[in-house]
Amino acid sequence: QMMYHSNLFEDFGLRYFGPVDGHDLESLRDVFERAREYARPCVVHVHTTKGMGYRPAMENPSKYHGVSPFDLKSGLPLKPSDPGFSGAFGRSICELAQTRPQIAVITAAMTDGTGLEEFERRYAAAGRFYDVGIAEEHAVSFACGMSTQGTVPVFAVYSTFLQRTCDQLIHDAAIELKHIVLAIDRAGIVGADGETHQGLFDVSMLRMVPGTVIYSPATYRQLEADLAEAVDNCTGICAVRYPKGAQPALTASVLGENTDSWFLESQGGDTLLVTYGRLAEELFLARKSLEEQGRAVDVLVLNRIYPIPEAALEQMERYQRIFFYEEGIRSGSIGELCALHLMEQGYQGQFRLFAIENRFIPQCGVEHGYQLFHADHDSIIKTVLGESLH
């Protein structure tokens with residue numbers, strides 16, 4: 001530093017300390033006491049080892065980024081874990097890549113989190129896998145450049161991190177009519193990942209971008225089909241968004257192999273519950289309970305959520321009451337778009353939208369998150385029965 005004067009932080013006028021061993025408490029205290037003496041912004045560069053002191057975590061740090069209960073001695077989970085939608089995406093994109101050499105995958109320092117370990121192992125040497133680091137904006141521009149050469153780039157990204165790319169999606173992808181595929185992980189409420197990671201804004205953000213197509217699969221089978229559709233038959237921006245965790249059991253049972261753009265479970269009632277993605281489980285649970293009480297309600301689950309299938313909109317117009325549930329921010333939501341369509345068609349029935357109002361969702365479990373905007377199955381039942389919500 002004395003010879004070359006090359007400390008980046010000092011060049012920006014910041015006092016720099018470090019690097020310091022983050023596991024040495026005495027050294028940490030010393031450096032923070034020194035930093036406190038300066039009446040100017042300081043950078044304290046601390047180096048730590050993830051999982052320090054627990055060998056299984058040190059040997060496999062990404063595995064322990066977020067964990068379910070596990071055996072302390074062995075490090076193994078107490079219950080077998082479903083790799084979830086991230087794992088289903090990883091399997092599906094590997095299978096697609098076998099017969100579609102034009103596919104290349106991009107991630108922004110989230111190889112493990114987005115389920116791409118196997119894809120990297122198989123295709124990195126062939127120039128079909130790229131980790132661009134924590135640079136989501138560059139990832140989208142990079143994908144657009146790749147698409148000019150006949151590649152179909154698939155960018156795997158968490159919903160919360162996709163927010164950084166709004167400018168690139170509009171200017172580099174949409175205006176230039178580039179075909180890129182967005183695999184949006186952690187869409188919706190993420191539970192223990194916390195307030196900053198809630199995937200609540202991707203639908204509203206993408207819906208405003210002209211020419212964008214958005215899928216929100218509710219099952220692994222739909223995710224597989226949606227990815228193939230996005231690669232083979234879409235133009236421009238095509239997004240496939242899916243939540244953290246496993247597919248819900250009842251939803252998987254009801255939908256089975258269905259991969260249509262929308263699905264209707266009809267009992268001939270005059271009330272329709274509408275949603276998309278993982279939240280369908282709460283609607284199916286509510287419908288089952290209401291059926292046991294002698295109340296018939298129908299459930300419509302969208303798979304392609306934008307543009308909304310015309311046949312699904314026409315189906316909605318036949319009902320006297322429609323309750324739309326959405327695991328995302330209300331402003332610019334799909335539910336708002338449905339309400340606008342119905343209004344323009346002269347719909348005379350009742351329409352209510354349950355989505356996240358102008359607020360952020362704190363760190364909480366998924367079920368509690370649903371309760372905050374009355375989308376859990378108990379609240380849905382009360383709404384249908386006309387009972388008050390608290």
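Which strands does helix H16 (residues 377-385) lie across? Helix H16 lies across E10, strand E13 (321-329) and E14, running at about 150° to E13. Angles run from 0 to 180 degrees between N-to-C directions, with axes fitted to C-alpha atoms, for helices over the stretch in contact. Helices (H or I, at least four residues) and strands (E, at least two) are DSSP runs, numbered from the N terminus.

This is a predicted model: local features need pLDDT of at least 70, side-chain atom pairs count only at pLDDT 80 or more, and totals for chains, interfaces and linings use all residues. Residues are numbered from 1 along each chain as its sequence is written, and side-chain values use heavy atoms, leaving out hydrogens and water.

**The sheet**
- An open sheet holds 5 strands in the order E9-E11-E10-E13-E14, with mixed pairing.
- Its edge strands are E9 (262-265) and E14 (350-356), and each pairs on one side only.
- From one strand to the next, the twist averages 15°.
- Two strands pair if DSSP finds at least two bridges between them.
- E10 (residues 271-276) and E11 (residues 298-302) run parallel, joined by 5 bridges.
- Tyr276 has Leu302 in E11 as its bridge partner.

**Around Ile180**
- Leaving aside neighbours within four places in sequence, Ile180 is in contact (heavy atoms within 4.5 Å) with residues including Val140, Leu169 and Cys238.
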